[in-house]
Amino acid sequence: MLSQVCRSGFQPFGCHRLLPWVQSTAITRSHRVHPSAISHVRSWSNIPFITVPLSRAHGKSFAHRSELKHAKRIVVKLGSAVVTRGDECGLALGRLASIVEQVSVLQNQGREMMLVTSGAVAFGKQRLRHEILLSQSVRQALHSGQNQLKEMAIPVLEARACAAAGQSGLMALYEAMFTQYSICAAQILVTNLDFHDEQKRRNLNGTLHELLRMNIVPIVNTNDAVVPPAEPNSDLQGVNVISVKDNDSLAARLAVEMKTDLLIVLSDVEGLFDSPPGSDDAKLIDTFYPGDQQSVTFGTKSRVGMGGMEAKVNAALWALKGGTSVVIANGTHPKVSGHVITDIVEGKKVGTFFSEVKPAGPTIEQQGEMARSGGRTLATLEPEQRSEIIHHLADLLTDQREEILLANKKDLEEAQGRLAAPLLKRLSLSTAKLNSLAIGLRQIAASSQDSVGRVLRRTRIAKNLELEQVTVPIGVLLVIFESRPDCLPQVAALAIASGNGLLLKGGKEASHSNRILHLLTQEALSIHGIKEAVQLVNTREEVEDLCRLDKMIDLIIPRGSSQLVRNIQKAAKGIPVLGHSEGICHMYVDSEASVDKVTRLVRDSKCDYPAACNALETLLIHRDLLRTPLFDQIIDMLRVEQVKIHAGPKFASYLTFSPSEVKSLRTEYGDLELCIEVVDSVQEAIDHIHKYGSSHTDVIVTENEKTAEFFLQHVDSACVFWNASTRFSDGYRFGLGAEVGISTSRIHARGPVGLEGLLTTKWLLRGQDHVVADFSEHGSSKYLHENLPVPQRNTN
């Protein structure tokens, strides 16, 4: 074994003897500084540097990805395809710099990082090619002239020679990169003998532990300059023996030897597939369990390096058996390589995670497939059958009310002291709520009779060639909701009525309520044998991970706080999101408003349910109403209702002693708080709404019909009302039966989204041996494009 600690000229910054400033801010794994005592927060590039408490006894691998954030000691294995360029001559410098940055971030969080790296052969090949070309060009210039230079051939370079020439340069590069983050790196070259000779093995172990103790990152590689060929029959002979024949087996052996918590294997593929990547049916395996090898077909090995995916899997399973968790992921993809290591440690769904603990229920991927299959069957049912399922669910909500309320009581008891009062109100169910839910579901059942398969347009293209546009389900919906168990049966009924498969992800604060409501939903679906069409996601999947399942989910519908909606809109990759991030609703009180109507409308809009997204947040008052009895009545009512008033800039300028001036005119309070601002005209009110509103719901209060129509036509919001409370912006109140949410987007559905918003269309063309060639300039057929009558919709 050869061991070499860095001797860089930047040693005071890179090694253990840090300058005083570095000593006060850098985080080490020395026994003298415990990570829980450090609270510094810094950042490099776009990767946050946050210290985390790390404490875990080694011996058993992590069961779930979410536990990886507790990993204390981590080995990162960089495959040849990750380290080298596409031409296999030289290193991928940008990729390496990104990897070093991520490793440095984790090291400075208090973790113990080790690298197993390839690249010496490629780096040496680049240097030797350069030397050979230079030598040949000089000789040929002397003997044959410059005209022969183009025909020079590069001899085949022996790998051991390349490794010998490349090791020093590779290490110098790593040293220079780690020095930028005040981290020292040390090189360790090993061969198979260093693990099989007991004395050398103890020496290696001691060296590595001492380097980790001094906050130094060991960079380990096989000594390719002298390494002998691997023995063919000595690989993976049990948990205590593994032949170090490539860097995959080296990383596994090192991980187990050092009692590592996590081994990250970076390659040039996304992870482990159930068939060779690139084949038509290849699917990425999110979690791999021992014994699953029989279901996997391995492809060819990597374009560079010694091992292929089969070698990686064998090494990973050996490490897993030794108590080390393993993730195999892509370290070359330009969109993810800059954060792949930190994403893995944060528990995000990246690559393939190896686990010994199989989940009790189906995976999210399996649930998605079941929802897709069940939804397609659901769409083929007769309208009466879908209606029957929804009616049965409505009956179950009232028949099983005691069990539902008992489960909800458990949720409320567990949420006491953890949730704010408005959220507790959303979480609470009651007999009245369940009765209201049942009525809404029966409305959905009645309106669903001709929802799927309804003909919207008929056209005769030519003789015996007719085209129809018909309604069809969107596909699989993912609905994510917080603190609102009553949302589950509403959304389920709408999905059933529209023939969509459904994935539900509820908040953990409503877990007991959601569980029984989902069981009742599946019981209703069972009357036609399609209980799997609606799935409740109970696995540990983070919302961000669910939003990446673009091949499984067709539409995401968030139901919850504005922050939840914003997070989902940001996380969704290639999946449309239906919803609104804010509900900043306005009411404009015109100079010709009725005194009797104003206070009733303001009270209902603000005080009926302040936490709702359709609650009033900003009251715009015409300037002529200031210091009038109407204005005084509004203020007195708000005081009685204990509404905290925030004054807009113009309103504050009219008052000697004003309420607290608003911090932002674009605020959704979600509580008994209200912003009041003054405007000079209806046009100024419209301009204010367009500038500070969220296109949700906006109201005018006036007796002037012309002014009201001007407001209705010019305000560009999903819902615009005249002399009506903002609280009417609701699917149930609109007669939709229920809603999956309120959308402020301009594509597909807008406003309260009920049954119609969960449908799309497809085109059906029926012909008799028609070909386009017949319709050419000299063809025998002519286009007619006649509109045909559409079957009347059943409105009963």
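Select His586 first, together with Thr618 in S19, which stands opposite. The two residues belong to a pair of parallel strands, S18 (residues 585–589) and S19 (residues 616–622), joined by five bridges. Helices (H or I, at least four residues) and strands (E, at least two) are DSSP runs, numbered from the N terminus, and two strands pair if DSSP finds at least two bridges between them.

The model is predicted: local features need pLDDT of at least 70 and side-chain atom pairs count only at pLDDT 80 or more, while totals for chains, interfaces and linings use all residues. Residues are numbered from 1 along each chain as its sequence is written, and side-chain values use heavy atoms, with hydrogens and water left out.

Axes are lines fitted to C-alpha atoms, for helices over the stretch in contact, and angles run from 0 to 180 degrees between N-to-C directions.

Contact means heavy atoms within 4.5 Å.

**Strand S13 and its partners**

Move to strand S13 (residues 465–473), where eight of the nine residues are buried (under 20% relative accessible area, with a 1.4 Å probe and protein chains only; exposed is over 50% and partly exposed lies in between). Strand S12 (residues 455–462) runs antiparallel to S13 and is joined to it by six bridges; Arg458 stands opposite Glu468 in S13. Two residues lie between the strands of this hairpin, and Asn464 takes a positive phi near 65 degrees. S13 is also joined to strand S26 (residues 759–766), by eight antiparallel bridges, with Pro473 opposite Leu759 in S26.

**The four-stranded sheet**

Select next the open sheet of four strands in the order S16-S15-S14-S17, where the pairing is parallel. Strand S16 (534–536) and strand S17 (555–559) stand at its edges. Strand S14 (residues 476–481) pairs with S17 over five bridges in the parallel sense, and Leu477 has Leu555 in S17 as its bridge partner. Helix H17 packs on this sheet and touches S14, S15, S16 and S17; its direction makes about 165 degrees with that of S15.

**Helices H16 and H17**

How far apart are the axes of H16 and H17? The axes are 10 Å apart, and the helices pack at an angle of about 10 degrees. H16 and H17 are therefore roughly parallel to each other (angles under 35 degrees count as roughly parallel). Select Leu437, Leu441 and Ile444 in H16, which meet Pro489, Gln490, Ala493, Leu494 and Ala497 in H17.

**Helix H13**

End at helix H13 (residues 383–399), which has 17 residues. Its buried residues include Arg386, Ile389, Leu393 and Leu397. Among the elements covering the buried residues of H13 are helix H12 (364–380), helix H16 (431–447) and helix H17 (487–498).

Terms used
The expected span of a helix is 1.5 Å times one less than its number of residues. Angles under 35 degrees count as roughly parallel, over 145 as roughly antiparallel, 65 to 115 as roughly perpendicular and the rest as oblique.
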